[in-house]
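Reader: I'm new to this and would like a close look at one part, the place where two chains meet. After that, could you take me further in from there?

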Amino acid sequence: MSRVSFPALLLFSLVVLAIISLTLGDPKEEVRAESSATSTSQKFGVLLVSHGSRSDRWRKMLRDVEVATRDRILASNDAIVVTKTAFMEYTEPSIATRMKEFDAAGISDVIVVPLLLTVSSHSFDDIPTIMGQRRDAVALETLKSEGIEIYHSKARVHFTPLLDFPAMLKDNVVRRVEGLSKDPKNEGAVLVAYGSQAYDAEWRLLLNRLGDVLRSKSQIMASEFSWCGHIVDYETKPTEDAIKEVLKTKETAIVIPILVAVDEMFQHKIIGGAVENVGQPGRIRYLPDAILPDRSLNDWVVEIVNETLVKVTGPVESR
Amino acid sequence: MKFRKTIITLHRDIGYFFAGMIVLYAISGIAVNHIDDWNPSFIIQRKQIDLDLPSDPSAITREHVVKNLRPLGEEGNYKSFDFPSSLRVKIYLEDGSVTGILGTGVGEYETIRRRPIFFEANSLHIHPKGWWLLYSDIFAGALIFITITGVCILPGRNGLAGRGKWLVAAGVVLPLLAAIQL
């Protein structure tokens, strides 16, 4: 047997090691592959949740958001296989109905986009309680007594932020005010929102910030806000008072509903009623419109879904 | 005469059978009519309390929270706490919650309990489900039957053909007026 030199043995060992290493592959690559296998086993659904209303028009405006965003959301990532819309109360499809459908379809994770203006009992307690994600005693009891079904889904639930966070809302309000504005220096804005008893401080903060945005982005320096929802017993008077307050210092009041969609009761009966009751039609400009429709909101929905997906799964290659 | 006797018997017996339910639904109806003035199903109590919590949300611990629950006798009912917004903390209890505005020391203690009898009556009345929905429909049909047989029981001048028709007409006029007015 001939003798093999040490350097030759070392070289041979290194070559064998390299071949083994190449055959087995990069350990990091293996982890990535495993992680990819995990993520492909996750099937995501997207649920656009809104308050719900008896108004057909209101519900259509919310459904239109799903229609406008569905293809883009589905195209943005293989993991997302379905998008749906649910209403918290009044009409089907309810949240429970949709979550049952997701479970039946084998969806492992649901990204919930609450199409609600800002924090409220609905966003923080009711919707998570309906989905079995929270056990708030008051929400649990009152939802049950209102006949709203609580459903503990098998799918994991991931909530996105509310509408108040992005610049989208600010731009929306500025655009709508400017659409009605003719002589900004002599005009003031009245922003009318639903309001919340439990989260009054947060709602006031949001409306004050929107007033600040108007001052900085448009030439309209005066603004007031009022509530039109349960907190004021759906009365017109708070809005009348806010309009009168603006008219004390400005020639014209521009009234803007800070409501997600158009519900005849709010935009026509309450806010429209307040405009009529003030009785100075020449000095008030009002369109019974809403935040929707807004392409930027649709873009925001697509973006926030993808951001949430990345948070849940880590960065995933887009299609 | 035999037909009238059968009607009287059915009216009486069906009336007996549904007597409890009629009273229960009537009470529930009155309770829900005044929903703007009170909560007909729950007793929700709220009271202002002082809270001693750090103003920085990230500094708030379970110990801080439980310490604040002791004066309320609720430390055993603590479930969790969370932050609805940057301004606020919410502490979840078995039958209620405590909400605090961060940095102010101001809190609200809220408890909920079912209003005895009314909760059950309202649940049955307002959101019938399953077999109770069918039973409620039968009950509604029975009310119609009891009413029709009731107006037909007495013959003569005190019956439907006599003063009865005027009273029935008067009873119909009021809801008609209300409907027109609304």
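How many residues of chain B are in contact with residues of chain A?

Author: Two quick notes before we look. Residues count from 1 along each chain as its sequence is written, and chains are lettered from A and ligands numbered from 1 in the order in which they are written. This is a predicted model, where local features need pLDDT of at least 70 and side-chain atom pairs count only at pLDDT 80 or more, while totals for chains, interfaces and linings use all residues.

Now your question: 19 residues of chain B are in contact with 13 residues of chain A (in contact: C-beta atoms, placed from the backbone, within 7 Å). On the chain B side, the elements that give two or more residues are β1 (42–50), β2 (78–85), β3 (88–93), β4 (96–101), β5 (106–114) and α3 (118–126). Helices (H or I, at least four residues) and strands (E, at least two) are DSSP runs, numbered from the N terminus. That side of chain B splits into 8 nonpolar, 7 polar and 4 charged residues. Here Ala, Val, Leu, Ile, Met, Phe, Trp, Tyr, Cys and Pro are nonpolar, Asp, Glu, Lys and Arg charged, and the others, Gly among them, polar.

On to chain A, which has 11 helices and 8 strands. Of its 319 residues, 42% are buried (20 or more other C-beta atoms within 10 Å of the residue's own, with C-beta atoms placed from the backbone).

Who sits beside it? β1(A) pairs in the parallel sense with strand β2 (residues 80–87) of chain A over 7 bridges (strands pair if DSSP finds at least two bridges between them), and A:V49 has A:A86 as its bridge partner in β2(A). β1(A) also pairs in the parallel sense with β3(A), over 6 bridges; there A:V46 is partnered with A:I111.

Follow the chain past β3 (109–114) of chain A and you reach A:T118, in the loop between that strand and α5 (121–130). A:T118 is buried because 21 other C-beta atoms lie within 10 Å. Leaving aside neighbours within four places in sequence, A:T118 is in contact with A:L162, A:D164, A:E202, A:W203 and A:L206. The C-alpha atoms of A:T118 and A:Y199 are 9.2 Å apart, although 81 residues separate the two along the chain.

Finally, there is an open sheet of 4 strands in chain A, ordered β6-β5-β7-β8 with parallel pairing. β6 (222–227) and β8 (284–286) of chain A are at the edges with a single partner strand each, so one side of each has no neighbour in the sheet. In this sheet, β5 (residues 187–193) and β7 (residues 252–257) of chain A pair over 6 bridges, including the one between A:V190 and A:V255.

Notes
Contact = placed C-beta atoms within 7 Å. Buried ≥ 20, exposed ≤ 12 C-beta atoms within 10 Å, placed from the backbone.
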